[in-house]
Amino acid sequence: MTQSKAPRAFTDFYREEFLKHQRCLEQQREYYSAGAIAPVEEALSRIISQLDHLSAKKDADKVVSRLLQKFNVVTGLSGWTDPKNVH
């Protein structure tokens, strides 16, 4: 982004994406040890709390996209299908 402040829609969209990863991780909690899941939860919480700041950076779209990709490796969110959306 070339603006000093990111549009609210940008920040809200990415906040929801990180929240989806957080919910997905919670659904998988039983498959991970507490020691494995805690650092990922902490990182997600930290990113969500700093998202307004991250979104204001010049290369916010690249930075935030990379972070989402890294969390996707852990949560596998992109491979999940919501049963309510399957017809």
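How are helix 1 and helix 2 oriented to each other: roughly parallel or roughly antiparallel? In this predicted model, the axes of helix 1 (residues 8–27) and helix 2 (residues 34–49) make an angle of about 160° and lie 10 Å apart. Angles over 145 degrees count as roughly antiparallel, so helix 1 and helix 2 are roughly antiparallel to each other. The crossing of helix 1 past helix 2 is left-handed. On the helix 1 side, the contact is made by Arg15, Phe18, Leu19, His21, Gln22, Leu25 and Glu26; helix 2 brings Ile37, Val40, Glu41, Leu44, Ser45, Ile47 and Ile48. Sorted by class, that contact has eight nonpolar, three polar and three charged residues.

Now for the chain as a whole. Of its 87 residues, 29% count as buried. Among contacts with a separation of 6 or more, 73% come from residues 24 or more positions apart.

Back to helix 1, and first to its length. With 20 residues at 1.5 Å a residue, helix 1 should span 28 Å, and its end C-alpha atoms are 29 Å apart, which agrees. As for burial, Phe10, Thr11, Tyr14, Arg15, Glu17, Phe18, His21, Cys24 and Leu25 of helix 1 are buried. Arg15, Phe18, His21 and Leu25, listed there as buried, also take part in the contact with helix 2.

Helix 2 passes helix 4 in a left-handed crossing. Here Val40, Ala43, Leu44 and Ile47 of helix 2 meet Leu67, Phe71 and Val74 of helix 4. By class, this contact has seven nonpolar residues, no polar ones and no charged ones. Val40, Leu44 and Ile47 of helix 2 turn up in the contact with helix 4 and in the contact with helix 1.

Technical notes: Residues numbered from 1 in each chain as written. Predicted model: local features only at pLDDT ≥ 70, side-chain atom pairs only at ≥ 80, totals over all residues. Heavy atoms only, no water. Axes fitted to C-alpha atoms, helices over the stretch in contact; angles between N-to-C directions. Helix = DSSP H or I, 4+ residues; strand = E, 2+ residues; numbered from the N terminus. Parallel < 35°, antiparallel > 145°, perpendicular 65-115°, else oblique. Left-handed = near helix turned anticlockwise from the far one by under 90°. Contact = heavy atoms within 4.5 Å. Nonpolar A, V, L, I, M, F, W, Y, C, P; charged D, E, K, R; others polar. Expected span 1.5 Å × (residues − 1). Buried < 20%, exposed > 50% of the residue type's maximum accessible area, 1.4 Å probe, protein only.
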